[in-house]
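Trainee: I have a model open and would like to go through it point by point. Can we start with a pocket and work outwards?

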Amino acid sequence: MEKFKMFYLNIIWSWLLLSVSSCNQSSSLYKKEFTESEAKVYSRQLFQGIGYYYQGTPEEHFLLHEAKLLDSTFSDVYREMGVPRVKRGINTEAMKQYAKAVEYDAESWQGYRGYLYLYFYRDYDNAIKDFDELDALTPNFVDYPQSENIDFMRGIAYLMKNEYSKSQEYFKKFFAHELKSGDLNYIESRAFMYYGITYFEIGDFEKALEKFNLGIKHNKNADLLYWKAKTLIKLKTNSSLAITLLEESEKLLAQGYNSRRPYVEEFYQTYIEDIEALKSLK
């Protein structure tokens with residue numbers, strides 16, 4: 001029994017000595033003062049600890065705030081602070097964070113802010129302003145903020161401003177650039193739809209039909225079929241085909257083959273009510 005007590009006491013003393021020893025070996029991150037270059041390095045190390053798929057957790061924001069304290073000019077921190085606020089609809093705070101990100105690294109983040117202005121806030125003038133200013137920073141280069149062609153997004157912004165000729169100008173640039181590196185099969189259906197709508201809105205239904213048909217050839221979905229039917233009705237030709245298209249559009253919509261996006265409504269998103277309303281006109 002005495003031997004067991006001695007063994008137990010030795011374990012306790014060993015643990016205490018190890019604990020004291022560990023406390024004395026302070027990491028360089030526990031220093032109170034850092035050089036400017038050290039602070040930048042440590043700021044980025046902390047930033048790497050955040051979880052991109054769990055944005056907005058207290059643990060993540062603790063790391064982000066610590067990273068910002070070390071380097072207040074680190075643009076990625078501000079952008080990352082903005083993301084969960086965008087997703088939660090805290091708009092004013094979100095855009096304050098994006099403004100700081102753009103202030104410290106416009107080339108990296110101005111296009112992303114333009115994307116938010118366009119899709120989340122429907123602020124087309126500020127979206128265009130951000131896209132134009134980013135273009136000036138990167139001459140002879142087509143930017144892809146949030147993985148979307150900047151000319152495509154400018155085309156949408158001008159479409160929503162009802163400036164159709166300007167919108168067509170950017171959609172032409174978009175298609176010309178995309179065809180350099182691939183073919184029409186790699187272009188998403190929204191591009192054909194929006195391009196066609198610019199002609200539909202000015203009453204050039206034949207040209208609109210041309211764009212919708214081109215899109216259907218390469219990427220059939222509910223939106224394109226709906227808009228083709230709508231155009232045929234305007235042209236007052238082939239009403240039986242228009243009904244067939246609407247029925248097929250309805251089936252594809254039920255299967256999820258239509259344009260949509262998380263958090264916000266897509267531009268010209270097709271709903272079953274739209275299809276039913278168009279059917280009633282026949």
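Trainee: Which residues lie nearest the centre of the second largest pocket?
Mentor: This is a predicted model. In it, the second largest pocket has a lining of 13 residues, and the space inside is about 170 Å³. Those nearest its centre are Tyr 144, Phe 174, Glu 178, Tyr 186 and Ile 187.

Trainee: Is Asn 149 buried or exposed?
Mentor: Asn 149 sits in the loop between helix H7 (124–137) and H8. The cut-off for buried is under 20% relative accessible area. Asn 149 has 3%, so it counts as buried.

Trainee: With which side chain does the side chain of Asn 149 make a polar contact?
Mentor: Leaving out neighbours within four places in sequence, Asn 149 is in contact with Val 142, Asp 143, Tyr 144, Phe 174, His 177 and Glu 178. Among these, Tyr 144, Phe 174 and Glu 178 are also named among the residues nearest the centre of the second largest pocket. The polar contact between side chains is at 3.3 Å, and the partner of Asn 149 is Tyr 144.

Trainee: Which residues does Phe 152 touch, not counting residues up to four places away in sequence?
Mentor: In soluble globular proteins, nonpolar side chains tend to be buried together. The largest nonpolar core here has 61 residues, and Phe 152 is one of those touching the most other members, along with Leu 118, Tyr 119, Ile 156, Phe 175 and Tyr 194. With the sequence neighbours set aside, the residues touched by Phe 152 are Tyr 119, Phe 171, Phe 174, Glu 188, Arg 190, Ala 191 and Tyr 194.

Trainee: How many residues are in the other core that lies apart from it?
Mentor: Among the members of that other core are Phe 47, Ala 67, Phe 74 and Val 77. Its count is six residues.

Trainee: How far apart in space are Phe 74 and Asp 105, C-alpha to C-alpha?
Mentor: Phe 74 is in the loop between helix H3 (58–70) and helix H4 (75–87), and is buried at a relative accessible area of 7%. Beyond four places in sequence, Phe 74 touches Ser 43, Arg 44 and Phe 47. In sequence, Phe 74 and Asp 105 are 31 residues apart, and the C-alpha to C-alpha separation is 8.5 Å.

Trainee: What is the phi of Lys 236?
Mentor: Most residues other than glycine have a negative phi. Lys 236 is in the loop between helix H12 (222–235) and helix H13 (239–254), and counts as exposed at 76% relative accessibility. Although Lys 236 is not a glycine, its phi is positive, at about 60 degrees.

Trainee: Where is Asn 162 found?
Mentor: Asn 162 also is not a glycine and has a positive phi, about 65 degrees. Its place is the loop between helix H8 (150–160) and H9.

Trainee: What percentage of the residues of the protein count as buried?
Mentor: The protein has 14 helices and zero strands. Among contacts between residues at least 6 apart in sequence, 53% join residues at least 24 apart. Of the 282 residues, the buried share is 42%.

Technical notes
Residues are numbered from 1 along each chain as its sequence is written. This is a predicted model: local features need pLDDT of at least 70, side-chain atom pairs count only at pLDDT 80 or more; totals for chains, interfaces and linings use all residues. Side-chain values use heavy atoms; hydrogens and water are left out. On a 1 Å grid over the protein atoms alone, a cavity is a set of points where a 1.4 Å probe fits but cannot get out, and a pocket is an open set with protein on both sides within 12 Å along at least five of seven lines; lining residues have an atom within 4 Å of a point. Grid points are joined across faces, edges and corners, and a volume is the space filled by probe spheres set on the points. Helices (H or I, at least four residues) and strands (E, at least two) are DSSP runs, numbered from the N terminus. Buried means under 20% relative accessible area, exposed over 50%, partly exposed in between (1.4 Å probe, protein chains only). A nonpolar core is a set of buried Ala, Val, Leu, Ile, Met, Phe, Trp, Tyr and Cys residues joined through side-chain atoms within 4.5 Å. Contact means heavy atoms within 4.5 Å. A polar contact is a pair of N or O atoms within 3.5 Å; within protein, one must be able to donate a hydrogen and the other to accept it, and residues adjacent in sequence count only if both atoms are side-chain atoms.
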